[in-house]
Each structure stands twice: as structure tokens, then as C-alpha cells.
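Student: I would like to go through the cavities, surface and charge pairs of this model.

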Amino acid sequence: MSKNVIFGLIEELGKKAGISEVIINRLDNVYVEKDGEMIRLDTKFTEDEIEEFCQEVALYNRKEFSSNVPIMDGNLTDGSRVNFIHKEYTGNTHAVTIRRYMKNIKTFDASPGIFSLSKQWMDFFKILVKARVNVIVAGGTGVGKTTFLNLLLQEIPHKERIITIEDTRELQFNLPNVVRLEARPQVADSKGLAIRDLLKNTLRMRPDRIIVGEVRGGEVFDLLQAMNTGHEGSMTSVHANSPGECLMRLENLYMLSGYDLPIKALRYQIGTAVDYILQIRRDKNGHRVVHQLAEVGGMEGDKILMQDVGLFKDGELRFTGLVPSKVAKLHKAGLAKDFFLGT
């Protein structure tokens, strides 16, 4: 990519710690998010500079960005995520949002204190991956769902075959037996493939685990089927503000699949497929934390049973005193017998 001034700004900001977002609202209205705080920069771009930047990024991602295709998601060469909205829909210039890829976050072991987690809880999350339970990472916008999903992915044993599916490539991990699939929208004569199309095909590719970056539609049906039919240890993220809201969102997204299923049967599918929901939030200081760890445990009547194993209190994730019903499976994966006595 060329030395467009916006690339120059991103490169310069990359030398500073804690900057997670770069936002261009208007030519002279540019913000960064640093350690959870929005800071306005004293900088200004021209219309041509923003247009040039958007077109170079579109070319790199082999996508179109124009008045005919006014929304584009993609990546920069360093893995950072970008989103563009065309100026015809903003009233001034293209709106640019860049979610920076944090290279310093690699593994739990290399990131002490990340998400305000103690070593004991980091060890617990490693065991969740090793035990091949199905995990959903839930949270709002910009709270770190993808970052936490990346941390979990680092713990997958190298002997397993992994298929990942994303609409924009954000997952960052190093495993040998991996196929990374990326959805493409229909453009001109190109048919394109949606996440659901890719997920259906993934079932024919002999995956041990299926990882979907984020579920937003009817692909929930196919993912839950996969979780229930031998692809244990699969993971995804969901936009939701609580574990309860996460379950409701899964129900709503399931209905988008077009299958007319009685609500009790639908909830049974969810309750048997999902094992744990990890709720990510920002604390009062804007720091990203694991706010809640909920275990999903089957059905009672027409309700999905759920219990909190961990809750964020006084600056840390704390054990609630409720031992997971799947504790035998976790012990078999290596969890210490006295783990919950010391959390």
C-alpha cells in the first residue's frame, strides 16, 4: 500500500500503546480510542486523501467500495479491521472506522492481567478449551469479544483440524491444520457466499472444531446443529449485553434460518448445544473485563437452565460458589480437584 497520509497516521499511532480504534467522522473530525477513552486529534484530511485511502484498502481486500456498494468491511495489512460507509449516506465524507489489531496480545500466558483475570481463571479458561466444551463469547460493541476469542483459540491443541468462518478476517492464531473461510457479498456477476453457505460446506470438510467469528443471522441453526452432532469445542461470539440476552438473541437469529420450530424444541437445541457463555464488558473505568461466566445446563419445562459460575466483583472475576455441573469433564481435562476452593 502507498504512503497515503492516513496510512502514515495509522503507522505513527501504532507506535503508541493502548490505542484500539481510529475514527474519521469528517475531514477535520478525527478521534482515537486510547485505554477506553475517546480523544480528538488535531488533524485534518482532504476529500481526496480519504477517497484514496478507501480505494486502496478496497483493492487490497478485493472488494468494491462505491455509491453502488456503500458499505465495506475489510482488513489492513497488519490485521486491523476497517469499516467504510459511503459519503452519500453521511452527508459529508466517507465515515472510516479502524479497529486496530493489538499485536501485543497473543496468549493468556503472555498477557498477565488481561481482562482483569487472575492466573487461576486463565487456567480455567484453558481447561474449557481442552475439555472441548462449546463456548459463546458475548458482549457489546468494542468490548473485546474477538480479542478474547483469539485468546481461547491459542489453547487449541495442534493435532486438531480447525475451520474458521468470518465475514471480515479478525481471528489471529497459529495452528497448523486450519482452513480459514471468509464470506464474500454478491458483487456484479460474482455470486458470493454468505457465512451460512460456508458453514454448511464446512460440515463436509471434516473439522474437529468450527469457529465462527460472530453469528448475526440464520447460520445459528447450522452452527447449533454442528455443536450437537460431534463438533465439540466449537466457538463463536454474539452481540449481547448479558448471558440471558445472549440466549434470547440466539432464539431470534435461529428463527431467521426459516425453520418453523416450536419454542420448546428450539430452546432444547440451544440448551444442549451451548455449554458456557462468557460475558465481556467494560468496567466503570472503561477497562475490558470478563464480567460473568454462565454455564448452560439443559432444560426445565420450556426454560433453558443457566447458572453463574463466576461474577465480576471488586475489580476481579470471583467464583460464585456454584460448581459447574460439567465439573467431571473439566477434571478429566486437567482441572485441579480443589480448583474452586481457591478462586
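**Salt bridges, cavities and a patch**

Tutor: E316 and R318 are joined by a salt bridge between their side chains, at 3.1 Å from N to O. The model is predicted, with local features needing pLDDT of at least 70 and side-chain atom pairs counting only at pLDDT 80 or more, while totals for chains, interfaces and linings use all residues. Residues are numbered from 1 along each chain as its sequence is written, and side-chain values use heavy atoms, with hydrogens and water left out.

Student: How many salt bridges does the structure hold?

Tutor: A salt bridge is a side-chain nitrogen of Lys or Arg within 4 Å of a carboxyl oxygen of Asp or Glu. The pair E316 and R318 meets this at 3.1 Å. The total for the structure is 19.

Student: Is E316 buried, partly exposed or exposed?

Tutor: Buried means under 20% relative accessible area, exposed over 50%, and partly exposed in between (1.4 Å probe, protein chains only). The relative accessibility of E316 is 34%, so E316 is partly exposed.

Student: Which parts does the salt bridge between E33 and R282 tie together?

Tutor: The side chains of E33 and R282 meet at 2.9 Å, N to O. These residues lie 249 apart in sequence, so the pair ties together separate parts: strand 2 (residues 29-34), which holds E33, and strand 12 (residues 276-282), which holds R282. Helices (H or I, at least four residues) and strands (E, at least two) are DSSP runs, numbered from the N terminus. E33 is buried at 8% relative accessible area, R282 is partly exposed at 28%, and the parts tied are strand 2 and strand 12.

Student: Which helices are tied together by R267 and E251?

Tutor: R267 forms a salt bridge with E251, with 2.8 Å between the closest N and O atoms. E251 is buried at 10% relative accessibility, whereas R267 is partly exposed at 22%. The two are 16 residues apart in sequence, with R267 in helix 8 (residues 263-273) and E251 in helix 7 (residues 243-255), so the pair ties together helix 8 and helix 7.

Student: How many charged residues line the largest cavity?

Tutor: A cavity is a set of points, on a 1 Å grid over the protein atoms alone, where a 1.4 Å probe fits but cannot get out; lining residues have an atom within 4 Å of a point. The largest cavity holds about 90 Å³ of space, and its lining includes E166, D167 and R216. Asp, Glu, Lys and Arg count as charged, Ala, Val, Leu, Ile, Met, Phe, Trp, Tyr, Cys and Pro as nonpolar, and the others, Gly among them, as polar. The lining has two nonpolar and three polar residues, and the number of charged ones is five.

Student: Which helix gives the largest share of the lining of the second largest cavity?

Tutor: The second largest cavity has a volume of about 40 Å³. Its lining has seven nonpolar residues, one polar and no charged, with V220, L223 and M227 among them. Four lining residues, the largest share, come from helix 6 (residues 219-228).

Student: Where is Y89 placed?

Tutor: Y89 is exposed, at 57% relative accessible area. Y89 forms a nonpolar surface patch with I71 and I85; such patches take residues with over 30% relative accessible area and no salt bridge, nonpolar side chains being joined within 5 Å. Y89 is in the loop between strand 5 (81-85) and strand 6 (95-99).

Methods:
On a 1 Å grid over the protein atoms alone, a cavity is a set of points where a 1.4 Å probe fits but cannot get out, and a pocket is an open set with protein on both sides within 12 Å along at least five of seven lines; lining residues have an atom within 4 Å of a point. Grid points are joined across faces, edges and corners, and a volume is the space filled by probe spheres set on the points. Patches are made of residues with over 30% relative accessible area and no salt bridge: like charges are joined within 9 Å, nonpolar side chains (Val, Leu, Ile, Met, Phe, Trp, Tyr) within 5 Å. Accessible areas come from the Shrake-Rupley method with a 1.4 Å probe; for residues, only the protein chains shown count as cover.
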